Amino acid sequence: MVVIFTGNNEIDKILEAEIKGSMVVSYEDFIIEDDKFKNQTVILASSAIETDFREFIYRIRSKNIRVILLLKKENKEEI
């Protein structure tokens, strides 16, 4: 199973439609609280995490959950 939590409903729906056996969750702690996600994979947007990011990742990894992290691209001005 692939768990999706990006904080963006549009992206969540696209990923869920494209990835077989995926599931969108609505809040970050659900991933940690529900033991059915142990040994699974989560697609996670760093901007969606409202708590301490390092602590959240630590808690996910302690349940042996693989993380695919989506990072925001920062636009840089040309010099």
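Colleague: Asn 39: how exposed is this residue?
Modeller: Asn 39 is partly exposed, with a relative accessible area of 43%. Buried means under 20% relative accessible area, exposed over 50%, and partly exposed in between (1.4 Å probe, protein chains only). This is a predicted model, where local features need pLDDT of at least 70, side-chain atom pairs count only at pLDDT 80 or more, and totals for chains, interfaces and linings use all residues. Residues are numbered from 1 along each chain as its sequence is written, and side-chain values use heavy atoms, with hydrogens and water left out.

Colleague: Where is Asn 39?
Modeller: Look at the loop between helix H2 (28-33) and strand S3 (41-45). Helices (H or I, at least four residues) and strands (E, at least two) are DSSP runs, numbered from the N terminus.

Colleague: What is the phi of Asn 39?
Modeller: Phi is near 65 degrees for Asn 39, a positive value in a residue other than glycine. Most residues other than glycine have a negative phi.

Colleague: And Asn 64, what is its phi?
Modeller: Asn 64 has a positive phi too, near 60 degrees. Asn 64 sits in the loop between helix H3 (53-62) and strand S4 (66-70). Its relative accessible area is 39%, so Asn 64 is partly exposed.

Colleague: Lys 63 next. Buried or exposed?
Modeller: Buried, because the relative accessibility of Lys 63 is 17%. Lys 63 lies in the loop between H3 and S4.

Colleague: Which residues does Lys 63 contact, leaving aside neighbours within four places in sequence?
Modeller: Lys 63 is in contact with Ile 32, Asp 35, Lys 38 and Asn 39. Contact means heavy atoms within 4.5 Å.

Colleague: New topic, rings. How many aromatic pairs are in the whole structure?
Modeller: A search finds two. Rings of Phe, Tyr and Trp (its six-membered ring) pair if their centres lie within 6.5 Å; planes under 30 degrees apart count as stacked, over 60 as edge-to-face and the rest as tilted. Tyr 27 and Phe 30 make a tilted pair, because their planes are at 50 degrees, with ring centres 5.9 Å apart.

Colleague: Why is the pair of Phe 30 and Phe 37 edge-to-face?
Modeller: Their planes are at 75 degrees, so that pair is edge-to-face. The ring centres of Phe 30 and Phe 37 are 5.5 Å apart. Tyr 27, Phe 30 and Phe 37 form one aromatic cluster.

Colleague: Is Phe 37 buried or exposed?
Modeller: Phe 37 counts as buried, at 1% relative accessibility. Phe 30 is partly exposed at 23%. Tyr 27 is partly exposed at 43%.
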